[in-house]
Amino acid sequence: MQWFKHDTDAITDAKLKKLIMRFGADGYAIYFHCIELIAGSVSDHNITFELEHDAEIIADNLKIQGTSDTSAVDRVNQIMRYIVSLGLFEENNGHIFCFKILKRLDTSMTSNPKMREIITSAKKSHDKVMISHDSVMQEENRREENRIEQKRRDEKREDAPDKPAKSTKHKHGEYKHVLLTSDEYLRLCEEWGEPELLRMIKELDEGIERKGYKYKNHNLALRKWKSNEKTQRNGYSKPLPVQTRTTFLDMED
């Protein structure tokens, strides 16, 4: 065959995307170069769709570069194995075939009657196999894409910033009843001065020890104690119950 169909949106194919993701331009080049080689050998005497060129020739044709760990030939072999695993090519007893190329051939590509007959016959004999094979690969592709998407979601959750950890509260006072974070302690120091803060901590600590007071937030408890102390110092106190005041009036009379 002198030419074959090449879809302009071939690069959007899910399998080719995976090939490019793993091997970059080398993978893409090797895949289509192999198709060129197979299609180029198709004739009325050869309709096997077998790749007759080895990895060394392909590596030389495309000038594939090796690395310090992998030779160019080994890289081609590695890419070819992955292409087979994707179902783009088939492998049988060490021979590589591309029956999918039948989809890229039609009778309009040749004026040779015998070749047209061969293409038509080959399509009929391979269509059911290819359709079945494609449906399986499509399902595998869907599963693989779901796995990739789930992996991305998991990685995104791992990369997301963790919720702020609760600040450690430290014990203060002789009896170690007063619990404050470092930030709370420093803020109270700034507002009251450390001597005054230590005095209030002592008051609250001893009150908890003597009376068994329970507070969920000792920072707020200290502020409340401070506020009550200021109120009492200014001469204000809670009003007595009405009945008690009445009793005092009765006594004065």
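Q: What is the mean pLDDT of the chain, and what share of its residues reach 70 or more?
A: This is a predicted model. The mean pLDDT of the chain is 76, and 65% of its residues reach 70 or more.

Q: Where in the chain is confidence lowest, and where is it highest?
A: Confidence is lowest in helix H8 (residues 242-252), with a mean of 40. Strand S4 (residues 178-181) has the highest, at 94. On a scale that runs from 0 to 100, pLDDT stays under 50 over residues 237-253, and the model has 3 contacts beyond four places in sequence for them.

Q: Which residues of helix H2 are called buried, and what makes them so?
A: In H2 (residues 55-62), the buried residues are Ala55, Ile58 and Ala59. Buried means under 20% relative accessible area, so each of these three residues falls under that cut-off.

Q: Why are the buried residues of H2 said to line one face of the helix?
A: Seen down the axis of H2, they fall within an arc of 100 degrees, and therefore they line one face. These buried residues pack against helix H1 (14-41) and helix H3 (72-85).

Q: How do you know that strands S3 and S4 pair?
A: Pairing requires at least two bridges between two strands; 4 bridges join S3 (residues 169-172) to S4, so the two strands pair. S3 and S4 run antiparallel. The bridge partner of lysine 171 is leucine 179 in S4.

Q: Which residue in the hairpin of S3 and S4 takes a positive phi?
A: In this hairpin, which has 5 residues between the strands, glycine 173 takes a positive phi near 95 degrees.

Technical notes
Residues numbered from 1 in each chain as written. Predicted model: local features only at pLDDT ≥ 70, side-chain atom pairs only at ≥ 80, totals over all residues. Heavy atoms only, no water. Buried < 20%, exposed > 50% of the residue type's maximum accessible area, 1.4 Å probe, protein only. Arc of directions from axis to C-beta. Contact = heavy atoms within 4.5 Å. pLDDT = per-residue confidence, 0-100.
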